[in-house]
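Please read these points with the model open beside you.

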Amino acid sequence: MEKNLVLEMKNISMTFPGVKALDKAGLTLKKGEIKALMGENGAGKSTLIKCLTGVNKFEEGEIYLEGHSGAIRNKDTMDAQHKGISTVYQEVNLCPNLSVAENIYIGRAPLTKLRTIDRRKMNKNARLLMDELELDIDVTRNLENYSLAMQQMIAIARAIDMDCKVLILDEPTSSLDDKEVEKLFNVMRSLKKKGVSIIFVTHFLEQVYEVCDSITVLRNGKLVGEYSVEEMPRVKLVAAMMGKDFDDLASIKPEGSTVNEDAELFIDAKGLSHAGKIKPFDLEIKKGEVVGLTGLLGSGRSELARTIYGADRAQTGTLKVGGKEVHIHEPIDAMNLGMGLLPDDRKAEGIIGDLSVRENIILAMQAKQGIFKRIPKQKQIEIADKYIDMVQIKTADRETLVKQLSGGNQQKVILARWLATNPDFLILDEPTRGIDIGTKTEIQKMVVQLASEGKSVIFISSEIEEMLRTCNRMAVLRDGAKVGEISGENMTQEGVMNAIAGGDSNG
């Protein structure tokens, strides 16, 4: 292994049933380096990480780690941790029913002389760690009391505390707001100064250029190359990831794609609220209109959408759909009114991992028909094949279990599920979070296409540029309240930022 290298992965190959996941892939990592691991969904990023941490048993290749003579193979994640390799995955894998301190020290809690857990010392150590990360958290409270963003930071704190040489962050920022991202970056820079090496998996290009020293690009399971950040401008990086020259995404929306003033009002919410989550709000959406919900994490974007859909039951106000007042008591009522919801947490609320791609796609259609009117198998196959092709789902076949797909392809399966019901109104909550730039573009184009067909869409995204590309108008939320709307000439990055921050938001 070269001098100054902490980690070297060479010629790693691995096959899943019917799919060559890695084909002589690898990466190198220097001491105190922050390296971005980039590639489209299905490129092999997570698979490579899992080969390093002992989750996957790879067929060929070698891994070299500083301090070890000869190649290493980790038996499992605990073995990797003992060697100084810690990982924080995209989906938070902690125990919600345990306290924050218990989660941080699970499996390695300090003990008293009687060999029982020394809770006082454990809580004290956890508090010191939280102070170091500038997190205002009561470490004695259960993890479930904290937001997904806070849980993500706690998972990172746990990894940091394990005295690691190599810290792997797999999409850690996808649930964090801007302030929390900056806090994480400060922690990463501080660790870098201490000589910790970091592999940073992300789909946010701007974050790569803000915090990383170098970039490793994978495509279709192969290593494309390793580059310093300085030698890899964005356009070149995207081209390397996609394997082709890439046009700027700035104009996904056709020029002058505005909603017809005379278009029929489809959604008319007046004074809807859900106690403790979203204050009374009004929202109108016309046929063929894409309305974005913008605001910081925790501002109430998801809660507003869920209240319209009935996933969180409205306690005040009225809702008209297509001009008729309706009462939505549960999501099946919304589905029968031609609505669909793609939730932000695809793992918990979207996919059913142990069902096939086909079964996941026809799920909403089957629910609308009822359990006693089973969709014939041949019809299911036709529907699944149609939408696998339409949404470009990368899968070995329609019977592959959906949990075996990459995150972006799982997201496409949920989108296909709702498209199969031919909805009049779609709520898309972070539909492109944690997925690659190519898939992201496909989904954005699909949203614009749906609107051109007269469908109404609520689009929620943490990326303002993406909202500007896809939405006709935006509603601004702050602290659980809808505080304004932006349209026309105010639909600029600066206009949105001012509105979110508390400036005047008019449209």
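**Note on salt bridges and a sheet**

1. Lys287 counts as partly exposed, at 36% relative accessibility (buried means under 20% relative accessible area, exposed over 50%, partly exposed in between, with a 1.4 Å probe and protein chains only). The model is predicted: local features need pLDDT of at least 70 and side-chain atom pairs pLDDT 80 or more, while totals for chains, interfaces and linings use all residues. Residues are numbered from 1 along each chain as its sequence is written, and side-chain values use heavy atoms, leaving out hydrogens and water.

2. The partner of Lys287 in a salt bridge is Glu264, with the closest N and O atoms 3.8 Å apart (a salt bridge is a side-chain nitrogen of Lys or Arg within 4 Å of a carboxyl oxygen of Asp or Glu). This pair links distant parts of the chain, 23 residues apart: Glu264 is in the loop between α8 (234-242) and β10 (265-274), and Lys287 is in the loop between β11 (278-286) and β12 (290-294). Helices (H or I, at least four residues) and strands (E, at least two) are DSSP runs, numbered from the N terminus. Glu264 is partly exposed too, with a relative accessible area of 43%. The whole structure holds 23 salt bridges.

3. A salt bridge also joins Lys270 and Glu284, whose closest N and O atoms are 3.3 Å apart. Lys270 lies in strand β10 and Glu284 in strand β11, 14 residues apart. Both are partly exposed, Lys270 at 35% and Glu284 at 38%.

4. Arg469 forms a salt bridge with Glu465, the closest N and O atoms being 4.0 Å apart. The two are four residues apart in helix α17 (residues 464-470), so about one helical turn separates them. Arg469 is buried at 13% relative accessible area, whereas Glu465 is partly exposed at 46%.

5. Six strands form an open sheet in the order β5-β6-β7-β3-β8-β9, with mixed pairing (two strands pair if DSSP finds at least two bridges between them). Its edge strands, β5 (85-88) and β9 (222-228), each pair on one side only. Strands β6 (residues 166-170) and β7 (residues 197-201) pair in the parallel sense over five bridges. Leu167 stands opposite Ile198 in β7.
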